[in-house]
Amino acid sequence: MNLSSLCQRDILSVSSEASVQKAAELMRVNHVGALALTDPEDPARVVGVVTDRDLVVNLLAQGRLPGELPIGAYSHAQLIGVPGSATVHEAIAAMQKHGVRRVFVTEPNGRLLGLLSMDDVLRALADDLSGLSQALRMGIDLESTRTSPMFNPNELAGGMYLAQHEP
């Protein structure tokens, strides 16, 4: 499974010059933890990413007021991207290497395709593990229907019986 099938293609964005309040409101209303920040001169160009965690760690925990600076001041300008053809393993490696919880997914021409979060990866892995668990259960069920008991006490001659001794 490649990342192009796992990533969220509808990326919520806001201008890097927008207010912190506007960005936080967009996150709340849309139930997302990250926004792509766009160039005010070219709204199609992503220049950063800001997360709900950034707002807590870099704004609130430092005693800053939300109106002091635009949202772009609290963003990550280093955009971490992986190709849509990459594997989940490669996405995890990129997240680990850069210490991030989300990566942008790109098309072969470098154009932005979507955003992949740890939640997306965990959901995909959980689905795979569930499938493996179901396969194991089905195999056990099939095995149970195909095998017969190795010992049938009714087949013993001469009235013999089998006694079980506990230690």
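1. Arg45 and Asp39 form a salt bridge, with 2.7 Å between the closest N and O atoms. This is a predicted model. Arg45 counts as partly exposed because its relative accessibility is 44%. Asp39 has a relative accessible area of 15%, so Asp39 falls under the 20% cut-off for buried.

2. How many salt bridges does the structure hold? The count is three. In general, side chains of opposite charge can pair when their charged atoms come close. The other two pairs are taken in turn below.

3. Glu107 and Arg111 meet through their side chains in a salt bridge, at 3.7 Å from N to O. Is Arg111 buried or exposed? Arg111 is exposed, because its relative accessible area is 54% and the exposed class begins over 50%. Glu107 is partly exposed, at 24% relative accessibility.

4. Asp120 pairs with Arg123 in a salt bridge, and their closest N and O atoms are 3.0 Å apart. Both residues belong to helix α4. They are three residues apart there, so about one helical turn separates them. Arg123 is partly exposed, with 48% relative accessibility. Asp120 is buried, because its relative accessibility is 5%.

5. Helix α4 covers residues 118-146, and Asp120 lies in it. Which backbone atom does the Asp120 side chain reach? It is the nitrogen of Ser117, at 2.9 Å. So the record for Asp120 includes a salt bridge to Arg123, a side-chain approach to the Ser117 backbone and a place in the buried class, given its 5% relative accessibility. Setting aside neighbours within four places in sequence, Asp120 also contacts Leu6, Gln8 and Leu115.

6. Now the sheet. It is open and has three strands, in the order β1-β2-β3, and the pairing is mixed. Which strands form the edges? They are β1 (13-15) and β3 (46-51), each of which pairs on one side only. From one strand to the next, the twist averages 35°.

7. Strands of a sheet pair through backbone hydrogen bonds, either parallel or antiparallel. Here β1 and β2 run parallel, joined by three bridges. Strand β2 spans residues 34-38. Where does Ser15 stand? Ser15 is opposite Thr38 in β2.

Note on methods:
Residues numbered from 1 in each chain as written. Predicted model: local features only at pLDDT ≥ 70, side-chain atom pairs only at ≥ 80, totals over all residues. Heavy atoms only, no water. Pairing = 2+ DSSP bridges. Helix = DSSP H or I, 4+ residues; strand = E, 2+ residues; numbered from the N terminus. Axes fitted to C-alpha atoms, helices over the stretch in contact; angles between N-to-C directions. Buried < 20%, exposed > 50% of the residue type's maximum accessible area, 1.4 Å probe, protein only. Polar contact = N/O pair within 3.5 Å; in protein donor to acceptor, adjacent residues only side chain to side chain. Contact = heavy atoms within 4.5 Å. Salt bridge = Lys/Arg side-chain N within 4 Å of Asp/Glu carboxyl O.
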